[in-house]
Amino acid sequence: MHLYLSAQMRFWPLVGMNAQPSVQRSRASPRAATAGTSWGRQRRPLRPLLSRMLEKCIQGRVLLLTICAAGIGGTFQFGYNLSIINAPTLHIQEFTNQTWQARTGQPLPDHLVLLIWSLIVSLYPLGGLFGALLAGPLAIMLGRKKSLLVNNIFVVAAVILFGFSHRAGSFEMIMLGRLLMGVSAGVSMNIQPMYLGESAPKELRGAVAMSSAIFTALGIVMGQVVGLRELLGGPQAWPLLLASCLVPGVLQLASLPLLPESPRYLLIDRGDPEACLAALQRLRGTADLALELAELEEERTACQGLRARRPWELFQDGTLRRQVTSLVVLGSAMELCGNDSCVVIEKVGRRVLLIGGYCLMTCWGSIFTVALCLQSSFHWMPYLAMSCIFAFILSFGIGPAGVTGILPTELFDQTARPAAYMVCGALMWTMLFLVGLGYPFIMKGLSYFLFVPFLGVCVCAAIYTSVFLPETKGKTFLEISEELHRLNFPRRSQGPTWRGPKVIQSTEL
């Protein structure tokens with residue numbers, strides 16, 4: 001109660017009249033309260049109703065624009081560049097061979113052409129690994145929003161390399177451009193969910209964080225469409241196809257500067273209550289801010305005097321043991337399981353979606369394996385196998401794909417969150433690289449049973465979630481931290497020790 005009152009008094013001069021609505025109503029004129037005309041009695045209730053509706057519309061619009069601006073240059077860009085490289089495969093291989101022949105007078109052997117093409121494709125996840133390691137320092141030093149804006153420098157540089165590669169006769173420019181686009185994807189895929197998770201209210205935090213998976217899917221679909229031969233997938237237009245990733249970057253550069261920074265970053269990391277309040281008012285409207293401000297003040301007090309964690313320090317801190325283990329296990333499982341529900345996540349919770357998603361994936365993968373083995377015996381088995389593939393992907397999207405991305409935001413506090421995203425991003429890109437490298441050998445060695453290793457990963461992930469991962473739905477970051485502290489130290493009855501209310505200096509790495 002003391003923290004709540006002190007936080008409310010701290011922000012009253014900034015919130016102004018909106019911080020004390022009950023005082024205003026109590027001072028209303030008795031004459032106005034007893035206006036006697038029937039028209040007045042009918043009209044009076046409409047004003048607060050219309051005011052609340054207008055505030056809700058403004059709040060929803062700003063939050064929606066923030067989601068779209070962050071997503072279009074973030075995970076949409078990731079999915080788009082993951083997809084567009086498929087269409088010009090033959091054209092780029094032919095360009096590589098012609099370029100080599102023009103330089104040396106000898107055609108490039110087929111296996112070397114395939115090797116160069118494999119490097120072009122695999123440099124994207126390698127760049128993503130570098131970007132994931134860069135995301136944490138950027139998020140701390142520049143903030144969430146500015147990091148997403150600065151990240152477009154890599155996009156512009158890659159577009160220049162793609163656009164002039166054919167004219168310059170250099171396939172090395174394509175390789176370097178793919179590496180830079182990977183760095184951009186690694187940065188944005190870490191900072192975007194962090195930015196949105198810190199900006200959203202706790203009632204919508206899970207749904208907003210799942211928008212990252214939605215924008216990834218939209219980017220993949222759009223890349224497939226733009227890569228059609230009739231559009232930019234032709235033999236002469238492929239440099240424009242690769243350079244078309246400039247469009248999402250320009251859209252983000254035009255829209256994101258108009259939207260607010262993460263309120264948590266502004267108050268806890270920068271110690272700027274005025275900027276924090278301004279950002280909250282734009283995201284939430286001007287009503288009912290006192291409770292959220294009190295929560296932010298408590299979290300700020302809890303984090304005082306602590307600098308930003310380094311990634312390796314997460315593994316050394318016993319208070320973060322369960323969080324780091326959950327991040328590593330579930331992050332790895334998402335990439336190793338072989339491969340939207342924005343409303344459902346806030347109704348059924350994270351644990352149910354993760355457990356249900358992995359169980360359904362195990363079910364559909366088992367049926368798929370049986371269908372492959374029996375496809376020569378029954379004519380309808382190939383159709384069953386195809387249906388299982390779609391069901392497997394749907395289960396992945398409902399559960400692991402959407403929920404896993406929000407775990408670093410909810411399981412770690414403000415000082416450990418950037419480092420947690422660095423660990424999660426590095427893990428994701430490494431697993432993505434290993435799966436892409438090893439899958440052809442798994443397919444060749446196991447034949448019809450190629451899904452069996454992935455099914456084992458799904459079963460282990462479901463068991464771990466049911467046993468070790470607490471539910472975070474509808475809880476504040478401080479409540480989640482206290483619950484995890486009790487789980488990490490079950491023999492200690494007291495919670496973590498909070499220190500005095502000083503501004504943390506978390507820009508030091």
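1. The axes of helix 10 and helix 15 come within 10 Å of each other and cross at roughly 145°. Here axes are lines fitted to C-alpha atoms, for helices over the stretch in contact, and angles run from 0 to 180 degrees between N-to-C directions. The crossing of helix 10 past helix 15 is left-handed, a term used if the near helix is turned anticlockwise from the far one by less than a right angle. The contact (heavy atoms within 4.5 Å) is made by N152, V155, V156 and V159 of helix 10 and by L246, G249, Q252 and L253 of helix 15.

2. This is a predicted model, in which local features need pLDDT of at least 70 and side-chain atom pairs count only at pLDDT 80 or more, while totals for chains, interfaces and linings use all residues. Residues are numbered from 1 along each chain as its sequence is written, and side-chain values use heavy atoms, with hydrogens and water left out.

3. The protein has 28 helices and 0 strands. Both are DSSP runs numbered from the N terminus: helices are H or I, at least four residues, and strands are E, at least two. Of its 509 residues, 49% are buried. Buried means under 20% relative accessible area, exposed means over 50%, and partly exposed lies in between (1.4 Å probe, protein chains only). The accessible surface is about 24200 Å², and carbon and sulfur atoms account for 67% of that surface; areas come from the Shrake-Rupley method with a 1.4 Å probe, and for residues only the protein chains shown count as cover.

4. V156, I160, F164, L246 and V250 make a nonpolar surface patch of about 410 Å². Helix 10 (152–168) and helix 15 (246–255) are the elements that give two or more residues to this patch. The largest share, 3 residues, comes from helix 10. V250 sits in helix 15 and is partly exposed, at a relative accessible area of 44%. Patch residues have over 30% relative accessible area and no salt bridge; like charges are joined within 9 Å, and nonpolar side chains (Val, Leu, Ile, Met, Phe, Trp, Tyr) within 5 Å.

5. There are 3 salt bridges in the structure, each a side-chain nitrogen of Lys or Arg within 4 Å of a carboxyl oxygen of Asp or Glu. One joins E172 and R103, at 2.8 Å from N to O. E172 lies in helix 11 (residues 171–199) and R103 in helix 7 (residues 89–104), so this pair ties together parts 69 residues apart in sequence. E172 is partly exposed at 33% relative accessible area, and R103 is partly exposed at 42%.

6. E198 lies in helix 11 and R144 in helix 9 (residues 144–150), so the pair ties together parts 54 residues apart in sequence.

7. D272 forms a salt bridge with R270, with the closest N and O atoms 3.8 Å apart. D272 is partly exposed at 21% relative accessibility, and R270 is partly exposed at 46%.

8. L196 is also in helix 11 and is buried, at 1% relative accessibility. Apart from neighbours within four places in sequence, L196 is in contact with T66, I67, A70, V208 and S211. L196 and M210 are 14 residues apart in sequence, and their C-alpha atoms are 9.8 Å apart in space.
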